[in-house]
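Biologist: Please show me the model. I have some questions about it.

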Amino acid sequence: MPPSDEITLTAPELPVFQTLDPAQLEQTVQLASELAAAQQQFADATTASEETQREHDRAQASADALTTQAEAAQKRSTEAAAFVTALIRTSGTRVLTQDPVTAALQSPGDLLTKLGAADRLSALSHDRDAAIRAAAQAKKTAGALADQARAAEDAASAIDVESSLQAVTAAQSRVDAASAALAAAPTTMQAGSGWQVLTSNPALVADGWALPVHGPLTDVFGPRPSRPLGTDPFHPGDDVGAACGTTIYAAAAGTVVRAGPFSGYGNFILIDHGGGVETAYGHIRDGGIGVAVGQQVAAGQPIAQVGSTGLSTGCHLHFEVRVNGLQIDPQPFLAARGVVIGTR
């Protein structure tokens, strides 16, 4: 009995083949296209929603900053008005209606005293006028900032974040429906002569991941003590033996970012699945690439045919998993997603 902390992986059932008529083929291809379109709509809706949220956050931050400035300006305006009020009360109300000399001469006392008072009142009048002008400007500034803050708050509220989130939810529902429809339909494949069908099997597509090709492992990820001439001492993927012409499937939904000859890989496909995850397919036969750069593919969708191009000594698929550009061991990665690669 294995230790309690070990996980026993069960290999999925082998594909079941049946003849595919043209109507079934057309239906399956159409469903795959609908899924790819739904996935693109979901990606677009998600991008739009994220941009809407960022736009709202920027607008709200601007409104909050203006509100803070308006509150500070209102405080300064209140303080300026209070200072003017105190200044007027200290100097008396007559200075508001009379010039300093007239006010001084009308005050009690001798002429010399009155002239001295005139000088003091003139200085006080200057301070008062300056304070009144400053208070008026502070009030005007506070009002303008308050208007700007209200306008910015209205602009932030007008950005419809909720509708963008609803669009993402609706797009996800379309992806789910398209995925379910495709899962219930046959998946096409080609093996040697004529088109055939791979009957839908939940064990073969688990958590959105599928077996890229059925066959034995002929070389695994890791160092190569003895290696084919011209190849690197470290093997960055798994080799799966299969007859030339056997169909290769996309391991997961994604976007084709490379499709064509590439160095020692021979004919090569690279698919971006998002989140920094990519899968690579090498040694595809000449004329065996069935997708183009920029194309959206679904999990389990036919993309190519096994070959022996590039630095290859026989028909097989060289399969890689890359995370943030780093090649990792495909076997545990796929096993964690319910897919067992390679049979013996």
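Biologist: How many contacts beyond four places in sequence does the model have for residues 187-206?

Modeller: This is a predicted model, where local features need pLDDT of at least 70, side-chain atom pairs count only at pLDDT 80 or more, and totals for chains, interfaces and linings use all residues. Residues are numbered from 1 along each chain as its sequence is written, and side-chain values use heavy atoms, without hydrogens and water. pLDDT is the predictor's confidence in each residue, from 0 to 100, and contact means heavy atoms within 4.5 Å. Over residues 187-206 pLDDT stays under 50, and the contacts beyond four places in sequence number 63.

Biologist: Which strand has the highest mean pLDDT among the elements?

Modeller: Strands are DSSP runs of E, at least two residues, numbered from the N terminus. Strand S3 (residues 195-198) has the lowest mean, 33. Where pLDDT is low, the predicted coordinates should not be read in detail. The highest mean, 95, belongs to strand S12 (residues 267-274).

Biologist: Is His-283 buried or exposed?

Modeller: His-283 sits in strand S13 (residues 277-289). Leaving aside neighbours within four places in sequence, its contacts include Gly-264, Tyr-265 and His-316. Buried means under 20% relative accessible area, exposed over 50%, partly exposed in between (1.4 Å probe, protein chains only). At a relative accessible area of 6%, His-283 is therefore buried.

Note on methods
Helices (H or I, at least four residues) and strands (E, at least two) are DSSP runs, numbered from the N terminus.
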